[in-house]
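The following note is intended for a colleague who is meeting this structure for the first time. Please read the numbered points alongside the sequence and the coordinates.

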Amino acid sequence: MAHKDKTALVTGAAGGLGRAIAEEFLRQGANVIICDINKDLISDFKEKVSAAYPECTLVLDCNITDDAAIDDMFEQGEKKFGQIDYVVNNAGIMDRFDPAGEVERETWDRVIALNLTAPTFVTKRAVNLMIKHEIKGSIVNICSIAGIRGFTSGAAYTASKHGLLGLTKNTAAFYGLKNGIRCNAIMAGGMQTNIAAAFQKSGINMEGLGIMRKTFPEDAFAYVEIEKVAKLVLYLCSEEGSIVNGATWTADGGSTAN
Ligand SMILES: NC(=O)c1ccc[n+]([C@@H]2O[C@H](COP(=O)([O-])OP(=O)(O)OC[C@H]3O[C@@H](n4cnc5c(N)ncnc54)[C@H](O)[C@@H]3O)[C@@H](O)[C@H]2O)c1
């Protein structure tokens, strides 16, 4: 129970990787605040996860691209659990594999708003609350190998994850030594989650996807298990992980090793 009596906030955690992270925190004794916008997944989370840990979970229908909703989430979290020790910026969406020459303003704005702007303003609340309660907290940003490579997605997603890496390093540098607040990024490889469901609505740029596949051959690709990525998040939040700050931690099964 390495995280007993600690509280973790995980965004976009009613399903996919975020849910695996929330479940691992609960197994290791932490309280968990989760938010999402998918009402079906929120109900499912309440039924299957919160029911087993009724005192330890706060489940919020919260759109983190809305500043007032982020404020409300932190207020409710502080009210229920007193303090927040860990924040995992997990919520994210894919783009359509459009390169810069084809990207629409709407796609760019939507992807940057969730993948980069929202984590920035969640981090703003997180560091200020941690400082208020003198917590040497940990922030983990769920990035992607798209944050260190140019070929795994379209321009918007790639730029958003490169930006998230910049936010990670800046937060680590500013708050690490001074306040003992750490911030690290996990550059995740492919995971079997609900992330591809959005393609049904947005569509896919097949030419962009085809070019990506040529530069990123299938035999160099392996899915990584979300439960293992979740364990890495918990390590980065643990006392044992306290030597790690500002790190770019690849978790892609070796897809980008070359
Ligand atoms: N699945 C992959 O192959 C992969 C690879 C690398 C990185 N990632 C990253 O992992 C993270 C988790 O994604 P996932 O794969 O579990 O996908 P997912 O779609 O299963 O989970 C993302 C969750 O975020 C929620 N969400 C969307 N918009 C939101 C908003 N405005 N406010 C609050 N919640 C919102 C969704 O409803 C969803 O439940 C993302 O940051 C993603 O970029 C995923």
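1. I186 has contacts with V140, I142, C143, V229, L232, V233, W249 and A251, when neighbours within four places in sequence are left aside. Two residues are in contact if their C-beta atoms, placed from the backbone, lie within 7 Å. The model is a predicted one: local features need pLDDT of at least 70, side-chain atom pairs count only at pLDDT 80 or more, and totals for chains, interfaces and linings use all residues. Residues are numbered from 1 along each chain as its sequence is written.

2. I186 also belongs to the largest nonpolar core, where V10, I21, I34, V88, I186 and V233 have the most contacts. This core has 69 residues, and its largest share, 9 residues, comes from α4. A nonpolar core is a set of buried Ala, Val, Leu, Ile, Met, Phe, Trp, Tyr and Cys residues joined through C-beta atoms within 7 Å. A residue counts as buried if 20 or more other C-beta atoms lie within 10 Å of its own, as exposed if 12 or fewer do, and as partly exposed in between, with C-beta atoms placed from the backbone. In soluble globular proteins, nonpolar side chains tend to be buried together.

3. Helices (H or I, at least four residues) and strands (E, at least two) are DSSP runs, numbered from the N terminus. Two packed helices are described by the angle between their axes and the distance between the axes. For α4 (residues 105-132) and α5 (residues 155-179), the axes come within 9 Å and cross at roughly 10°. α4 is therefore roughly parallel to α5. Axes are lines fitted to C-alpha atoms, for helices over the stretch in contact, and angles run from 0 to 180 degrees between N-to-C directions. Angles under 35 degrees count as roughly parallel, over 145 as roughly antiparallel, 65 to 115 as roughly perpendicular and the rest as oblique.

4. On the α4 side, the residues that make this contact include W108, V111, L116 and I131, and on the α5 side they include Y157, L164, L167 and Y175. By class, the contact of α4 with α5 comprises 12 nonpolar, 8 polar and 1 charged residues. Here Ala, Val, Leu, Ile, Met, Phe, Trp, Tyr, Cys and Pro count as nonpolar, Asp, Glu, Lys and Arg as charged, and the others, Gly among them, as polar.

5. Two further residues of α4 deserve attention. M130 lies in helix α4 and is buried, because 23 other C-beta atoms lie within 10 Å. Residues up to four places away in sequence not being counted, M130 touches I135, G137 and I181. M130 and Y86 are 44 residues apart along the chain, and their C-alpha atoms are separated by 9.0 Å. K124 is also placed in helix α4, but K124 is partly exposed, with 14 other C-beta atoms within 10 Å.

6. Is D85 buried or exposed? D85 is buried, since 22 other C-beta atoms lie within 10 Å. The residue is found in the loop between α3 (67-81) and β4. Its contacts beyond four places in sequence are K6, T7, A8, I135 and G137. D85 and H3 stand 82 residues apart in sequence and 9.7 Å apart in space, C-alpha to C-alpha.

7. Two residues other than glycine call for a check of the backbone. D5 has a positive phi near 70° and is found in the segment before β1 (7-11). F97 likewise has a positive phi near 70°, and its place is in the loop between β4 (86-89) and α4. D5 counts as exposed, with 12 C-beta neighbours inside 10 Å, whereas F97 is buried, with 25 other C-beta atoms within 10 Å.

8. Around the ligand there are 28 residues, of which G12, G16, G92, T193 and N194 come nearest. A residue is near a molecule or strand if its C-beta atom, placed from the backbone, lies within 6 Å of it. The elements giving two or more residues to this shell are α1 (16-27) and β2 (31-36), and α1 gives the most, with 3 residues. The shell divides into 13 nonpolar, 14 polar and 1 charged residues.

9. E23 lies in helix α1 and is buried, with 21 other C-beta atoms within 10 Å. E23 and A247 are 224 residues apart along the chain, and 24 Å separates their C-alpha atoms.
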